[in-house]
Amino acid sequence: MKLIKCCSLLLTAALCLSVVACHQSAVKSNVSCSKTATPQTSVSQHKTLSVSTSAKVDFDKLLHDLQALHPGTAGSSLQIAATTVTWMNKLAVDGSNDQELAKKFLLFARSLKQDAQKEFIRSWQLLRDFSDQIIKKDKTIQGLWEDAGVKLQEKWINIKAWQKLVRAIDAAVKELTT
């Protein structure tokens, strides 16, 4: 009987260790643990978008990261901070085609069901507001993205290019909501 209990304990411990290891590898590779469905969109046909001559951006992945935000849940402020900084690092550069990105944003949003679309738009608004705080160098949020494991590449970010992109996506959101 003691042998069975010991074996059960060892198996339970091994299972716990494998779950922890799997979770840590998922976190390191930025795999979402949520069970939300990923929409099938025509955006994925244009997965890699040339933003500048030296950089390639996977805009489809950025859209999915935005969709994965869950405001109001535990850790959501870190998630919003990390997603915003990632968007700014990759898209706030000279030469980005804001109109093309806004069209892809619109296509992606339209492919979602109504409730998911509302959440997606809400997530965009949170991202936009957080980016405004970054631009204003709001002391209350400084370092939040570093706590989330993301580094802000301030020297590469072009504020005017970012604001132009924000205006284009805001126009797409307005088109969705009217």
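The model is predicted, so local features need pLDDT of at least 70 and side-chain atom pairs count only at pLDDT 80 or more, while totals for chains, interfaces and linings use all residues. Residues are numbered from 1 along each chain as its sequence is written, and side-chain values use heavy atoms, with hydrogens and water left out.

Start with helix α2, residues 59–67. Helices here are DSSP runs of H or I with at least four residues, strands are runs of E with at least two, and both are numbered from the N terminus. In α2, 7 of the 9 residues are buried, where buried means under 20% relative accessible area, exposed means over 50%, and partly exposed lies in between (1.4 Å probe, protein chains only). The buried residues are F59, D60, L62, L63, H64, L66 and Q67.

Residue L66 is also touched by S123, which lies in helix α5, residues 114–135. Contact means heavy atoms within 4.5 Å. Not counting residues up to four places away in sequence, S123 touches L66, L69 and P71. S123 counts as buried because its relative accessible area is 1%.

Next comes the loop between α5 and α6 (144–147), where K137 is found. Most residues other than glycine have a negative phi. The phi of K137, however, is positive, near 55 degrees.

The loop between α6 and α7 (159–177) holds W156. W156 counts as exposed because its relative accessibility is 58%. Even so, W156 touches A92 and V93, not counting residues up to four places away in sequence. The C-alpha atoms of W156 and N89 are separated by 7.3 Å, although these residues are 67 residues apart along the chain.
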